[in-house]
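Here is a short report on a predicted model. Please look at the sequence and the structure before reading on.

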Amino acid sequence: MTPVGDPETGPGAHAAPGPGGATPFQRIAKAYGPAVLRVCRAMVGPVDADDAWSETFLAALRGYPSLAADADVEAWLVTIAQHKSVDLIRRRVRGPVPIEDLPTRAGDIGVPGRGGPFRPVVACPRPPAARAAPSGGVSLPCGHALCGRRGCHRQFRRCGPARWSGRDRRTAPGPDAPRPAAGPAAPPCRRRHGITRRIAYPLRLRGASR
Amino acid sequence: MNHEIESDRAGSQLAAARSGAARSEERSSVEVLFDRMLDSADLEGLVDVAYRVVDSPFGPLLIAATSAGVVRLAFTVQGHDQVLEDLAARVSPRVVHLPRRLDGAAGELDEYFRGARSGFTVAVDLRLAHGFGRSVLERLPAIPYADTAAYAQIAAAAGNPAAARAVGTACSRNPVPILVPCHRVVRSDGSLGGYVGGPGAKRRLLDIESRADETRPAADSSPPSGERPAADGRASTPYTMKEDAP
C-alpha cells in the first residue's frame with residue numbers, strides 16, 4: 001500500500017497495532033489482512049475468499065469508529081470474516097446454478113404440491129374425518145379400517161385385517177354397527193403401512209394407564 | 001548419506017523460499033483487495049480521512065484530506081506514522097491510503113515546487129486548529145507570494161499586537177504548512193525563525209518563491225483562479241493586512 005506504517009520494515013516491526021480508536025485503519029488492514037484472508041480461504045475456498053475478505057473489511061471499516069478501545073482487533077476481524085463467509089456459503093447454496101443446457105420447459109421443482117422438495121413427507125394416518133366415523137374407526141390408505149381404540153393398530157399389523165375382528169372382540173365393531181370404510185370386497189392387506197409413529201405412540205399410554 | 005542430507009537441506013530451503021514467495025504473493029493480493037475494497041467504501045462515504053505521500057524537494061510529504069479539504073500536510077521530520085495516529089485520534093480512525101482523492105492537491109503542490117504556481121485553489125480544512133491559532137492561520141493566505149511578513153504584523157492583524165510569540169506557536173502548529181503559507185512569516189529582525197519542516201525547508205520554500213517571482217514576467221498572464229485572490233497580488237500591492245481584517 002504505502003511505505004507508511006509498513007509492519008515489515010517500519011520501526012514497530014513486530015508491535016501489533018493498538019486497538020480501535022487510535023490506530024489508522026490502514027495499518028489495521030496491513031497488519032491483519034493476510035490472516036483474515038487465510039480465514040476466508042479456509043471457510044469458503046480460494047474462489048470466494050476474495051469476496052469474503054472485501055466484505056469483511058468493508059464491514060470493519062463501517063464499524064471501526066465504534067469499536068471499543070480495549071477490543072482485540074484481530075479477533076474482531078476474524079469474527080466478521082466468519083460471519084461473512086457463512087453468508088457467502090448460504091448465498092452460494094441459494095443462488096442459481098449454471099448448467100450447460102437449459103431445460104425446454106418450466107419444471108415442477110419448487111412448486112408446492114407438484115413434486116420436488118415440497119412433497120409431503122408423511123401422509124397423515126388419521127385424518128380428522130376418519131376419526132369422526134360412526135364406529136370410531138379409522139380408514140387406512142389401503143381401504144381397511146381400524147376401530148377407534150388405542151392400540152388396535154398393533155393387532156392389525158400383527159394378524160392382518162382378515163382375522164382382525166376375530167382376534168380382538170373387545171375392540172371389533174359390533175355386528176349392527178355400520179362398518180366403516182372397509183367393504184367386504186376389500187382384499188386382505190398384508191402390507192405394513194409404515195404409519196407406526198402416530199398409532200404406536202398411544203401404546204405406551206395404554207401400558208402406563210394399566 | 002551426505003547427498004541425502006544436502007538434498008534435504010536444499011529441499012527445505014526450496015520449501016522456505018516457496019512459502020516466502022507465497023507469503024509475499026498473499027500480501028500483494030491483500031493490497032489489491034484492499035484498494036478494490038476502498039473503491040466501494042469511497043462510494044459509500046466511509047473514508048473519513050484519505051492520505052497520500054508525494055515527493056517534494058524536502059523528501060516525502062504526507063497529505064491527508066477529509067471530505068471538506070486538505071486537513072493535514074506533514075514533512076518527513078514530523079514522523080508520518082505519528083501524524084496518521086494523531087489524525088486517527090483527532091479526526092476519525094477511518095484513515096486510509098486513497099491517493100485518488102488527493103490528485104488535485106498533489107498536482108498543485110508539484111506545480112508550486114516547480115515554481116509554476118503562486119497560489120493554491122484546493123480547499124483547506126482547518127478543523128485541527130482552534131482559537132487564536134486558527135485566526136492566525138486564516139490570515140496567512142493574505143501574505144503575497146514571494147513576500148514575507150513579521151510575526152508582530154500578523155499578531156496585530158489578528159487583533160493582539162502583543163501576541164507575536166503566540167503567532168509563532170500557531171505557525172509551528174500549522175496543520176497544513178505550504179498550503180497555508182506559514183513559511184512567509186519571519187522575524188522582525190530579518191532572520192527566518194523556526195519552521196515545522198526545519199529551517200532549511202523554510203529557506204528553500206522562500207528561495208523557490210523568490211526565484212519563480214523573478215523569472216516570471218511582470219504582467220502575470222495566468223493568475224491562478226481560486227478562493228484566494230489575495231495570494232496573487234504579489235509585488236503590485238504592498239503587504240497590508242487591513243483589507244483582510246474583519
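With which residue does B:Arg114 form a salt bridge? The partner is B:Asp110, and the closest N and O atoms are 3.6 Å apart.

## Salt bridges

B:Arg114 and B:Asp110 both sit in helix 3 of chain B. They are four residues apart, about one turn of the helix. B:Arg114 is exposed, at 58% relative accessible area. B:Asp110 is partly exposed, at 41%.

Over all chains, the structure holds 18 salt bridges. One of them pairs B:Asp103 with B:Arg52, at 2.6 Å from N to O. B:Asp103 belongs to helix 3 of chain B and B:Arg52 to strand 1 of chain B, so this pair ties together parts 51 residues apart in sequence. B:Asp103 is partly exposed, with a relative accessible area of 43%. Another salt bridge links the side chains of B:Asp125 and B:Arg127 (2.8 Å, N to O). B:Asp125 counts as buried at 9% relative accessibility, whereas B:Arg127 is partly exposed at 38%. Shared partners also join B:Asp39, B:Asp42, B:Arg100 and B:Arg101 into one network of salt bridges.

## Strands of chain B

Strand 2 of chain B spans residues 61-66. It pairs with strand 1 (residues 49-54) in the antiparallel sense, over five bridges. B:Val53 has B:Leu62 as its bridge partner. Six residues lie between these two strands in a hairpin, and B:Gly59 in the turn has a positive phi of about 95 degrees.

Strand 2 of chain B also pairs with strand 3 (residues 69-74), again antiparallel and over five bridges. Here B:Leu62 stands opposite B:Ala74. The hairpin between strand 2 and strand 3 of chain B runs through two residues.

In a regular strand, side chains alternate between the two faces of the sheet. Both faces of strand 2 of chain B are covered. B:Leu61, B:Ile63 and B:Ala65 are buried on one side, and B:Leu62, B:Ala64 and B:Thr66 on the other.

## Nonpolar cores

The largest nonpolar core has 43 residues. B:Phe113, B:Leu140 and B:Ile178 have the most contacts inside it. Helix 3 of chain B gives this core its largest share, five residues. Beyond its neighbours within four places in sequence, B:Phe113 contacts residues including B:Pro57, B:Phe58, B:Leu61 and B:Ile178.

A second, separate core has 36 residues, among them A:Val36, A:Val39, A:Cys40 and B:Ala41.

## Helix 1 of chain A

Helix 1 of chain A (residues 25-63) has 39 residues. Its end C-alpha atoms are only 11 Å apart, short of the 57 Å that a straight helix would reach. A kink of about 125 degrees lies at A:Val44, shortly before the proline A:Pro46.

Technical notes:
Residues are numbered from 1 along each chain as its sequence is written. Chains are lettered from A and ligands numbered from 1 in the order in which they are written. This is a predicted model: local features need pLDDT of at least 70, side-chain atom pairs count only at pLDDT 80 or more; totals for chains, interfaces and linings use all residues. Side-chain values use heavy atoms; hydrogens and water are left out. Buried means under 20% relative accessible area, exposed over 50%, partly exposed in between (1.4 Å probe, protein chains only). Two strands pair if DSSP finds at least two bridges between them. The expected span of a helix is 1.5 Å times one less than its number of residues. The bend at a residue is the angle between axes fitted to the seven residues ending there and the seven starting there. A nonpolar core is a set of buried Ala, Val, Leu, Ile, Met, Phe, Trp, Tyr and Cys residues joined through side-chain atoms within 4.5 Å. Contact means heavy atoms within 4.5 Å. A salt bridge is a side-chain nitrogen of Lys or Arg within 4 Å of a carboxyl oxygen of Asp or Glu.
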